[in-house]
Amino acid sequence: MRRQRRLGLAALPLLLLSPFARAGVQLVVDGVDDTLKAPVIAGVELSQYANRDVSEAQVRRLFERAPEQVRSALEPYGYYEASAAGDIQQNGADWRVTLHVKPGEPVLVSAVEVKLDDEAMKIPAVRRAERAVERLKSQQLNHGTYTSTRDALAGALTANGYLSARMVTHRVEVNRGERTATIALAWEAGKRYRYGEVHFEGSQFKQGFLQRYVPFKSGDYFQQDQLLQLQQALNGADYFSVVNVLPDVDEARDGVVDVTVQLAPAKRTIYTGGPFVGTDTGAGVRAGMERRWINRSGHKWKNELVLAQRLKTLSTLYSIPMPGDNQRSFNFGANFRDANTDTSKSRTLELVANETRLWHGWTRTVGLHALSGTFTVGKQAGENDNVAGIEHGRSTLFYPEASLSRKQADNPTFVRNGWAIDIYARSTVGTLLSDASFSQLAADAKWIRAFTKRDRLILRGSVGYTWTNDFNALPPQLRFFAGGDRSVRGYGFQTIGPRNDFDRVVGGRNLLVASSEVEHYFTRNWGMAAFVDAGNAFDGTDYRPRVGAGLGVRWLSPVGMIRVDVGTPVNDKREHGVQLHLVIGPDL
């Protein structure tokens with residue numbers, strides 16, 4: 001046994017050096033650009049042996065097949081006269097094969113013929129798809145492009161109700177001698193289907209409520225994108241964990257398609273909470289409870305409690321959805337607010353009733369507000385309420401309010417291209433149920449644009465104007481201040497604004513703030529920022545902007561974007577030093 005083992009080990013090197021030893025192949029292709037090189041390499045069998053052993057006999061046999069394989073690989077791209085020559089070299093234990101490809105003259109599409117029913121051609125989506133096929137004429141023949149445009153036309157017919165459409169002709173004829181090709185396509189569209197009934201399965205609501213989400217009526221022509229709208233609307237309602245919208249095509253009779261919607265209720269009550277920190281509010285905790293539906297009519301109820309160092313709120317909101325194209329809802333709420341900033345303190349109760357809906361792409365809110373409470377302005381931390389210069393107030397205000405908001409973003413987590421605009425107007429009706437009359441108009445805007453893969457430019461602005469017969473009766477939340485995380489960084493929260501005779505900040509009637517920021521990311525999640533903010537709250541036309549500048553760190557964390565900024569006032573005789581700013585939340 002021992003002797004046989006020694007003979008086996010001695011014979012191993014001879015086997016490795018024998019004609020049956022195997023080695024890999026390095027394939028090199030030239031003569032064509034990268035667009036054609038990739039299909040050539042994929043179509044030549046030799047490429048399969050880059051990481052596999054191959055014998056000399058196999059290499060030479062595969063090399064002989066390569067020219068025909070090159071021609072076959074280039075035909076789908078319109079090259080029917082391609083040729084290939086090359087050489088084969090042994091490089092140590094491996095083989096190097098070089099193919100010199102000549103694609104030849106491409107085949108051009110000389111004629112395109114598409115036959116469709118006249119009624120089908122009246123549908124804009126079908127007409128656009130048909131024109132895309134027509135545009136193949138005079139172009140270089142490309143089988144992939146032909147297939148995608150042909151399938152897009154077939155898909156447009158199906159998506160617009162021609163569920164039994166049948167393609168009777170699909171032909172591409174190539175004349176190699178003339179280097180031309182003709183395309184012929186024809187469909188028998190058949191009958192255009194209409195919607196029948198929509199059946200909801202697994203719903204927890206009364207009959208008829210979910211019908212309001214359906215963007216079509218029984219008898220309308222079938223359109224696939226409307227089924228997608230229905231699914232998105234039901235998902236957005238936040239009532240269900242499962243939404244499946246299924247057209248019963250196989251059961252269609254006499255050109256009528258019923259739709260089955262399979263539903264599974266979501267968890268009815270949601271509890272949220274946790275700690276948070278912000279330089280404007282200080283450290284705190286937030287807790288919330290939301291009932292996704294209160295009753296079989298789909299009413300909702302949401303409550304939130306915030307306990308922070310400088311802000312305490314308790315809010316409740318009851319919503320009555322009115323499903324439809326405009327996503328309308330009626331909302332009734334109350335909000336108790338106890339706020340303590342560097343320049344003001346207020347304790348107010350606000351009652352709200354409003355209607356929200358989609359309006360020409362905007363979210364429109366129109367409602368009534370009743371605000372009552374006590375407040376002080378001009379007070380600094382640690383001071384008693386009776387210090388000279390501190391202004392005290394108590395007021396009740398009743399006013400209508402209207403707002404418009406809209407935003408667009410390519411990514412909700414990290415926006416590369418996007419913007420947001422919020423506009424609101426509010427006004428009392430004289431002094432009806434109010435201690436003072438006032439009108440206010442304001443707007444906030446933000447614009448984000450990535451100018452390289454790692455860099456973003458962020459512009460932000462706020463503007464506001466107030467008319468009132470008694471400014472002293474307005475609580476701090478109806479006055480304008482500047483300074484803070486989302487205003488002029490380098491200054492404390494709401495520490496910029498008009499001052500009274502005792503040199504204390506009491507807020508202003510008007511506001512104008514602008515910000516410019518550049519971010520650079522070193523990795524996917526970590527970056528830095530440089531910013532310049534300018535602005536002020538003011539009365540009349542006495543606008544003297546304060547400027548803050550600084551640097552920051554950005555971290556795209558699992559819980560969202562975290563921004564840590566250090567800012568400092570620029571050329572300000574009153575303010576010095578640095579201010580830390582911390583913001584956690586989405587870009588828009």
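This is a predicted model: local features need pLDDT of at least 70, side-chain atom pairs count only at pLDDT 80 or more; totals for chains, interfaces and linings use all residues.
Residues are numbered from 1 along each chain as its sequence is written, and side-chain values use heavy atoms, without hydrogens or water. Local features need pLDDT of at least 70 and side-chain atom pairs count only at pLDDT 80 or more, whereas totals for chains, interfaces and linings use all residues.

**View 1. Helix 6 from end to end.** Helices (H or I, at least four residues) and strands (E, at least two) are DSSP runs, numbered from the N terminus. Helix 6 covers residues 143-159 and spans 24 Å from first to last C-alpha, close to the expected 24 Å (1.5 Å times one less than its number of residues). At its start, a side-chain oxygen of N142 comes within 2.9 Å of the backbone nitrogen of G144. Just past the helix, G161 has a positive phi of about 105 degrees.

**View 2. The buried residues of helix 6.** Here you can find Y146, T149, R150, L153, A156, L157 and A159, which are buried (under 20% relative accessible area, 1.4 Å probe, protein chains only). Their packing partners (heavy atoms within 4.5 Å) include strand 4 (108-115), strand 5 (166-175) and helix 7 (224-236).

View 3. Three strands line up in the order 4-6-5, where pairing takes at least two DSSP bridges between two strands. Strands 4 and 5 each have a single partner strand, so one side of each lacks a neighbour in the sheet. Seven bridges join the parallel strands 4 and 6; E113 has A184 of strand 6 as its bridge partner.

Note on methods: Buried means under 20% relative accessible area, exposed over 50%, partly exposed in between (1.4 Å probe, protein chains only). A polar contact is a pair of N or O atoms within 3.5 Å; within protein, one must be able to donate a hydrogen and the other to accept it, and residues adjacent in sequence count only if both atoms are side-chain atoms.
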